[in-house]
Every structure is written in structure tokens, then in C-alpha cells.
Amino acid sequence: MWEQIRSNQVRSVFLIALIAGLLLAVGYFLGLYFFDSAVGGLVIALIVWAIMSLVAYFQGDSILLGMAKAKKITPDDAPRLYNVVEEMKIASGLEKVPDVYIIDDPALNAFATGRDPSRASVAITSGLLQKLTRDELQGVIGHEIAHIKNRDVLLMAITAVMLGTIVILSWYASRFLLFGAMTGSGRRSSSRSGGGGAQAIVLIVGLVLMILAPIMAQLIYYAISRKREYLADASSALYTRYPEGLASALEKIGGSKQQLKSANQATAPMYIINPLHKEGMKAADLTSTHPPISERVRILRAMTGGASFANYNDAYRKVHSGKQVIIPKTAAAGIGAIGIRQASLAAPGELGLASEKASDKAASTHEVSDLMLRLNKYRTVDCECGARWKIPPGFKDNDVLCTRCGRRIRL
Amino acid sequence: MLCPVCHQDALIVEYQNIELDYCPACHGVWFDAGELELLMGSAGVEDFQRYLEGIVRAPEVETTEKKHKCPACNHKMKKTYIDRDNKILVDVCHVGDGIWFDGGEVQNLIKELVEKSPEKGASQGVLAFVGEMFKHQTD
């Protein structure tokens, strides 16, 4: 029944074909200008695209994780996080537990990457790990695992590469055109001085295309990514049987104003929310990579009847007060009634202490930062006065002065 | 964290679950906003955000001291007085990532605390904590 989700991909395939068409058109006009042969341009466009696709397919996930400065962790490093990932792997029916990465950043965000369900990774920022309760973390991980399960990660990688190719080709083509126009000694104009009118039309169409293609490709890319987010939200609700978990996690993430340092335009659609959000920016326009958070939360909260896709569709209709469905009927029908489970009692942090006491809050806050320090190979020494020193790996001295009590502590 | 003055890895000291970053070379101290919130929370201060905004919005002080970049967001910090008597000049991050005390300011702060009986004020707890943690800078 899970594979029926793919019927939803018809629209995606259409959009991808559109981007591919743009890519070919750019190549076509590129060839007309520079080599007097449209075929030559097409060949160049395809070669550039093929090389970029190969790199993306074999190295894409490690490049992305490297760009995000993500660190791979083992079950011992963060047992609760790993446990949640394993839980969601079982709930989704994924064949292999994805690799788990942490990004050392106080911003709140998460993403999934990989070429197929058997080679995938989920990454989460340390800030998010610190702030979320177990239920919320489960909702977020469920959303990311859904991206892997629904093969969104590969889809997004394919479109991102095509977008990148279009941007690169258009950029170079427009620069060459400008340069050629300025020096005024184009091969083209001397060899074909006859057909002036037709040539001018080709020139104008080509120029317009060079300028518009990157923008159009980007809009299509965003359209694909927006659609996928609803499906991943619905899948997360289904896996966790607790839509409120993801809803309140999204609220926490949306309420934070911190921008992720390592995100950029091309990688933005991968994250659970757009990492480049700015205050005052209209969230629901064409250029947004994700549906507005408030809307996603409203839909999840409106799922009162159960946690199945049908319930998500009902909730979507309730929020949008229309007849539209977001998940195709065939996919929704394959799943019977799924009840919503009870909330589990747990506070944020690895310990999950169900307490709001300031001291407990402080203790759990440093769990995640200590985890990051361990991953960064810091040493820890305790002073008799109660202070605890955390020493960076580059520290050369053999002892450290405890500034609180004046003792020297040997390392 | 890299020291905004020496650009070397700072040490981290944790006491009563509050962490501070301390540069052993220049003796400067970074008080992160998250840690400030924890300290204020355990001292029973409810409205931490208002306190932080108060410091961030405080008027910039004209000084010949070199400006430093925030170790968290890498933007230039602004110089402002944090105590009531305008004696302790700190660097504050524009977006409220935290407060940097130069090595000299930590010394001033300790002297202030020794000379005067603690006054009531929003920053008092913060200054007392920093003073307590770094009173033994030399053997």
C-alpha cells in the first residue's frame, strides 16, 4: 500500500519534465549562438548535466552533509535520538536505519538526504535536539524518514542538479554574449550576415530564455518541494500516530528567529522548514520552498478523527474549506483507520526529565552541548571546588588553573 | 568557541550547571545568552527576554577600545555599560547572542564587588557570578 504514494508523483514527473525541457532549450540556443549548431549546444548541456548528476548521485549526500558541517553519531552518543530514529524506521517500513547526523548549530532545523532508502541520512541541529520533547522529536524524525521513504530525497536531488545546470549554463552564456557584444567581433555575425531578421528573433528569444530559465526552473523546484512537505507531514502523523507531536515541534521551530549558518538557496528546500526565512517575508508566495508553518500546524491539529492519510485529507479540506485533496484517494484508501495515541510524558533533552525546575532544565540543556563537545574531542576535568573544566583538543599545557578557587588541576 | 580577541579555542568552565567560555590567554569571558537565561531562571528572574533586550538596546558608548566580533554570529558587537555606575564596559552582540567581558573588565568587576556591598539591579546576579568564577586569575 505504501508504494501507492507514488501515484502522487505524476505531477512531480511533469514538473521535472518541464525543468528538463528548460535545460534542453537553454542548450539549444547556446548552440545556435556559439557554434552555429543547435545539436552542439544540446550535447554540451547534456554533458554538463550528466557529469553533475553522476557527482550528485555518488557523492551528493556527503557533499550536502559536509556543506552543512554535520557530524555522524553512533547510538552511544545520543541514545534517545537514535532510539527515535529506529522507531520511525520500523513504523515506516524502511529497510535500513538511516545514518544519523548532528549539525552543531543553535538554529532549529532538520533534513534528510541520500540516494535511495537503503543509503540515506537524517541530520538534525543540536539546537533542535535540545529544545524538543520526545514526542516532538518523533514527529520531526517521522517527517524526515517520510522524505526518505517517499523517495523525495532523490527527487529533490535530481531537480536540484538540473536547476544547477541551467543556472551555470545561462550564467556563462549571458556573460559570453555580453562580452561578445562589447568587442563587436562575433564569428556569428560575419559568417551569417545575410538573414538579419530571423537571426534577430533567435537572438532575442535566446536572450530572454537565458534570463528567465534560471528563475522559472527555481519556481518549478519550489513547487515540487512544497507539495512534498504535505505528504511528509501526513506520513509523519501516520507513523507516530500522534499529529500533535509534529505540530508543536513545527511551532517551536517556526517561533525561533535564528538562521541556520550553513544553509543556502540551493539546499533550502531540503530542510524541515525553510532555513532562510526572514521576518516580514510573505510566506505563501511562489518563491517559498515550504507551505507556511501556521497552515501545516493547523492541518495537523485538525486531525481529530485519527492519524491516517484520509484523516489528513479531511483536515486539509477543513483548513482550506474546499474540495481539494492533498493526498490521492488511492493512497489514502489503502490504509485502514489509525487511532491517535496518548501523549508521552517527557521533557526536552536526552534525559527527558518531566520537570520544569530551573536546575533540571539547566542540566538537560548541557546534555546536548556536552554531546557536541565529546564529538569535538574535548576533555573534561572536575575541580574539587565544584567547577568543571572542558578543555579543547588544541590545549597544550599540562595543567589548568581553576579561576574559581585558585587550584591547579593536572590534565 | 574561538576567543573574539585572540582567535584561539577558549576553555569552558561549568559551575552549578552554568557554562562560561574563558580565554586563558587574554582572560576574557563570554557569557552566552542561553547560559544567561539559565542563570536568571535559577535566580527566579521571570522576564529574561526583556532583560536581554534592555542590554542589546542600551546606548552605544564612544570609546577607543577595539571592537570585537561576536563569537556566535560573527557580526561586530557594540560597547555598552552593563552596571549601574557605568564602570564595566562590555561587548554586546547586536542580536543578543551573548555578552563578552574583556580580561580587564573582569578585573574591574571583581574590584567593584570587593569594594562595594552588592546593590540591587538586574545585572547584579550576572556580575556576581562572573566575579565569583574568575577571582583567581593568577596563582
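Leu24(A) sits in helix H1 of chain A, which spans residues 9–34. Helices are DSSP runs of H or I with at least four residues, strands are runs of E with at least two, and both are numbered from the N terminus. The model is predicted, so local features need pLDDT of at least 70 and side-chain atom pairs pLDDT 80 or more, while totals for chains, interfaces and linings use all residues. Residues are numbered from 1 along each chain as its sequence is written, and chains are lettered from A, ligands numbered from 1, in the order in which they are written.

Leu24(A) counts as partly exposed because it has 17 C-beta neighbours inside 10 Å. The cut-offs are 20 or more other C-beta atoms within 10 Å for buried and 12 or fewer for exposed, with partly exposed in between; C-beta atoms are placed from the backbone. Leaving out residues up to four places away in sequence, Leu24(A) touches Leu42(A) and Ala45(A). Contact means C-beta atoms, placed from the backbone, within 7 Å. Ile166(A) is 142 residues away along the chain, yet its C-alpha atom is 9.0 Å from that of Leu24(A).

Now the two chains. Chain B puts 20 residues in contact with 22 residues of chain A. These elements of chain B each supply at least two residues of that side:

| Element of chain B | Residues |
|---|---|
| Strand E1 | 11–15 |
| Strand E2 | 18–22 |
| Helix H1 | 33–42 |
| Helix H4 | 124–133 |

E1(B) gives the most, with five residues. Strand E6 of chain A (residues 388–391) runs antiparallel to E1(B), joined by three bridges. Strands pair if DSSP finds at least two bridges between them. Trp389(A) stands opposite Val13(B) in E1(B).

Definitions and conventions
Contact = placed C-beta atoms within 7 Å.
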